[in-house]
Amino acid sequence: MLRPYKTTNHNNHLMNTLLQTAVNAARIGGDIIMRHYYNNNVKKLTHKKPSDYVTEVDRESQDAIVEYILKRFPHHAILAEEEGGGKEGEECRWIIDPLDGTTNFIHHFPVFAVSVAVERLDDSPRDVSSIEAGAVLNPVSGELFSAQSGGGAFLNGKSIKVSGRSKIEDCLIATGFPFRNKDYLEEFLTIFKRMFNAVSGIRRAGAAAIDLCWVASGALDGFWEQGLSPWDVAAGSLIVKEAGGTLSDFQGGSGYIWNREIIAAAPGIHQMMLNLICGR
């Protein structure tokens, strides 16, 4: 059953409807995931590539999310992670990860998420400025992060902000290991060593969407990772931006949703993280 959700008061009815749809879609996916999780029911486990899994739960969650969205916006486009998750459309496109952290889910490690974002399809730059709304749900913890463009970021309806730390040595940051493409490993280990020697601590939870939201809420001061896809970061990037965070790719540019690398951080440490990654 979908639960009521309070949004900020915006005059733009479509924006509020998009946000509500993203939130409801994330909850639909989360309900499906948790039904299987509590029943310890993971069937038809397959490998998309080494160390990259997909289960029937991923597909069931995706199918239900897409069905829900297209009933409300039948002319919108769809970009979703699992096979068959593409559809051309007009005006807006939904970017969906039906289960971010599948390996965690398989092992009952309680950090995984449903991520749903919607981007505007027009001539504007293809970066976070085109993302209109997004929601990320960790169904185990009940943490529901959400944002809409210009409306702030929220955790279970309460406003959130990134941390105010500005000394890198005091910071707790997160990363993700390059398990999908081990060609990144040597570069990753070089960066990891620089970060490890500079910061207070490093964590690796295994779900980029959640890591981004923890940056937005101040639980983490920063996050970096390579090899990600748009559905991993689209919703979380908007949530970080609306929480006052700074985002870039590894060159300091704005293409982080699409070019498979991202730095998300409190403004006071973003440049320091970028310098460490670039070896400056």
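Glu91 lies in the loop that links strand E4 (86–87) with strand E5 (92–100); helices (H or I, at least four residues) and strands (E, at least two) are DSSP runs, numbered from the N terminus. The model is predicted, so local features need pLDDT of at least 70 and side-chain atom pairs count only at pLDDT 80 or more, while totals for chains, interfaces and linings use all residues. Residues are numbered from 1 along each chain as its sequence is written, and side-chain values use heavy atoms, with hydrogens and water left out.

**Loop residues with positive phi**

- Most residues other than glycine have a negative phi.
- Glu91, a residue other than glycine, has a positive phi near 70°.
- Glu91 counts as partly exposed because its relative accessibility is 47% (buried means under 20% relative accessible area, exposed over 50%, partly exposed in between, with a 1.4 Å probe and protein chains only).
- His108, in the loop between helix H3 (102–106) and strand E6 (113–120), has a positive phi near 60°.
- With 29% relative accessibility, His108 counts as partly exposed.

**The open sheet**

- Five strands, in the order E12-E11-E13-E15-E14, form an open sheet with mixed pairing; two strands pair if DSSP finds at least two bridges between them.
- Strand E12 (201–203) and strand E14 (246–248) are at the edges with a single partner strand each, so one side of each has no neighbour in the sheet.
- From one strand to the next, the twist averages 15°.
- E14 and strand E15 (residues 261–265) run antiparallel and are joined by three bridges.
- Opposite Thr246 stands Ala265 in E15.

**Helices across the sheet**

- H4 lies across strand E11 (172–175), E12 and strand E13 (222–226), at about 165° to E13; axes are lines fitted to C-alpha atoms, for helices over the stretch in contact, and angles run from 0 to 180 degrees between N-to-C directions.
- Helix H5 (residues 208–217) lies across E11, E13 and E15, at about 155° to E13.

**The contact of H4 with H7**

- The axes of helix H4 (residues 185–198) and helix H7 (residues 267–278) come within 8 Å and cross at roughly 140°.
- H4 and H7 are therefore oblique to each other (under 35 degrees counts as roughly parallel, over 145 as roughly antiparallel, 65 to 115 as roughly perpendicular and the rest as oblique).
- Ile191, Arg194, Met195 and Ala198 of H4 make the contact (heavy atoms within 4.5 Å) with Met273, Leu276, Ile277 and Cys278 of H7.
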